[in-house]
Amino acid sequence: MLARPFRYPVRWLAFLAGGVPAVLVFPGPSLSYLAWFALVPGMVLFTRAGTTREALARGWWFGAGYLIAILQWMAPEIGPGVVLIGAVFGCMWTPFSVAVRRLMRPPVSAPRALAALAVVPSAWLIPEWIRSYQGLGGPWGLYGASQWQHPAVLALAAVGGAWLVSVALVLANAGLLLILGALRPDLHPGAPRPAAATPAAVTVAHRVGLAALGAVAFAAAAGSGPLAFALTPPFPAVRQATIALVQPGVVNDNGQRVDASLALTAEFSANGALAKDHPNLIVWGESSVPDDLTLDHPLLRQIEKLSAQDHAEIMANQDSTIPGPSSGPGRSDGSDTNTGGGQEKVAVLVSPAGIQGEYVKTRLVPFGEYIPFRQQLGWLTKISKAASSNMIPGTGAHTLTVTTTPNGKPLTIGVLICFESAFSDMSRVETDQGAQLIVYQSSTPTFQGTWGPDQHASLAALRAAETGRPVVQAALTGDSVAYDARGRELAWLGQQGHGVITVRLDLPAAADRTFYDQAGDYVLLAGVAITGLAALVLLARWRGFLGNNTGIGGGSTAEYDADTGEPVRTQ
């Protein structure tokens, strides 16, 4: 299906139609408004396909372009593996391309148009659902994540998660394609013409009706976010908290990096330049401490003393080494095949009295911290910087409690590490456990200067909107960010900066829940179910159980693919 590419140059157009939107709508460019219509060119290519098989091939190329574009910043880590991932997993977009071709290829009847508005956005969720599995890279680059700068659109995330934002965007694109097909049917020269006995199918009234339906769909999609924003006011604030995020910048030496974090944190002491800010919690980045604090007692005492001087607890992060062999090839779940030896990433909450709690990173970065299916893909270590051994994952998300607060009232926080900000289920678990604030610790020096850290920082806005909780992220080298409970940006310290940012946040009650928190991934499950039902209907028609209405009455007519010029059979 991917063979003989130059014989089918339109497939390269499909590749570009998938890759260009992914480049433009996410950070760095962040031209998020393009997401409302950027899929239309690719969808036009699908409708022009002469057969379902050709639409499937174009969908594969489209998906490859999309994946490579959203993962291009990983090239320094896995090299040509990025192209391999796109080539293999681009097939996940084939249900989308087939749905577009079967339901939106002119002439489009009213029932098909209505079905398209339900099935096409649902089919888009299939690759997003499959990619949400950690071993396949996790839910990075979800189309809905492109709207991270728009709290009025992110309000949909509080209702149905990032999935619902994706559905709204794809629905808007489908509406525009209906309008385009009604106004410019000549864009689809390969489409079968209706029989002469049914002239009503091509009447002006019918085309105007399709255009009107498309306009209604686009308006409904575009207006759904502001409507949700108006109907779902933020939870009332029951308390406030001041959080300090420490970003030492690019410091390659481990000892100097710790010293930089200590020096910046010392500014909150009585004689420091930031003493007036009085934070309730000071957050360091991921891997801010190179050693296990339970073993490095002098450094632990230093942090305890600093916590006492600042009257605030410090959330550090350490690389812990677990005794035991760990050099063998790892299992596909991210752990090691031998007796449990290896490294783990640990968030450590330190107060003047010592370590108050820990959280071990559960969702590890594919290829960066472990290699999925290492026995099959271990060869990537020879041609890239992929993980030489698998790190050890934790047992799951859980909250920590900050007890050193000005009013003496404990503060329950959810702590997650780096890549875990891509997973909505983890922040929802911590919200269910009573977290009033979500804290991420990050370290992305490998990708310094790429769009990766910016895309990573933008994900915190989605998690804030989904949970109704303020979200902060402290990064060693950027980006350190803070968002309020509706996903509005409060602070951003980029990759070129270093220092401390301090934000004061309104916190909701621990019992407050968004509708998405309560209902879960119902949008995703509904999308999968709708797509599955549509596939069954397509199969039944193909097998003749529901009849076959794809023929042309009165005899056979030769047809040719609109782009390749080759003869095709109607499917």
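The side chains of R363 and D425 meet in a salt bridge with an N to O distance of 2.7 Å, a salt bridge being a side-chain nitrogen of Lys or Arg within 4 Å of a carboxyl oxygen of Asp or Glu. R363 lies in the loop between strand 5 (354–360) and helix 12 (374–377) and D425 in helix 13 (residues 424–432), so the pair ties together parts that are 62 residues apart in sequence. Helices (H or I, at least four residues) and strands (E, at least two) are DSSP runs, numbered from the N terminus. R363 is buried, with a relative accessible area of 18%, whereas D425 counts as partly exposed at 29%. Buried means under 20% relative accessible area, exposed over 50%, and partly exposed in between, with a 1.4 Å probe and protein chains only.

The model is predicted: local features need pLDDT of at least 70, side-chain atom pairs count only at pLDDT 80 or more, and totals for chains, interfaces and linings use all residues. Residues are numbered from 1 along each chain as its sequence is written, and side-chain values use heavy atoms, with hydrogens and water left out.

By the salt-bridge rule the count comes to 11. Three of these pairs are listed below.

| Salt bridge | N to O distance |
|---|---|
| R363 – D425 | 2.7 Å |
| K345 – D319 | 3.1 Å |
| E286 – K345 | 3.9 Å |

E286 and K345 are both buried. The partner D319 lies in strand 3 (residues 313–322) and K345 in strand 4, so their pair ties together parts that are 26 residues apart in sequence. D319 is buried, as is K345. A network of salt bridges links E286, D319, K345 and K361.

Helix packing is seen between helix 8 (residues 151–183) and helix 14 (residues 452–467), whose axes come within 7 Å and cross at roughly 70°. Axes are lines fitted to C-alpha atoms, for helices over the stretch in contact, and angles run from 0 to 180 degrees between N-to-C directions. The two helices are therefore roughly perpendicular to each other; angles under 35 degrees count as roughly parallel, over 145 as roughly antiparallel, 65 to 115 as roughly perpendicular and the rest as oblique. The contact (heavy atoms within 4.5 Å) is made by L154, A157, A158, G161 and A162 of helix 8 and by A461, L462, R463, A465 and E466 of helix 14.

W148 lies in the loop between helix 7 (110–131) and helix 8 and counts as buried at 6% relative accessibility. Not counting residues up to four places away in sequence, W148 touches several residues, including L154, A461 and L462. W148 and R488 are 340 residues apart in sequence and 8.6 Å apart in space, C-alpha to C-alpha.

For the protein, the secondary structure comes to 16 helices and 14 strands. Buried residues make up 55% of the 571 residues. Among contacts between residues at least 6 apart in sequence, 73% join residues at least 24 apart.
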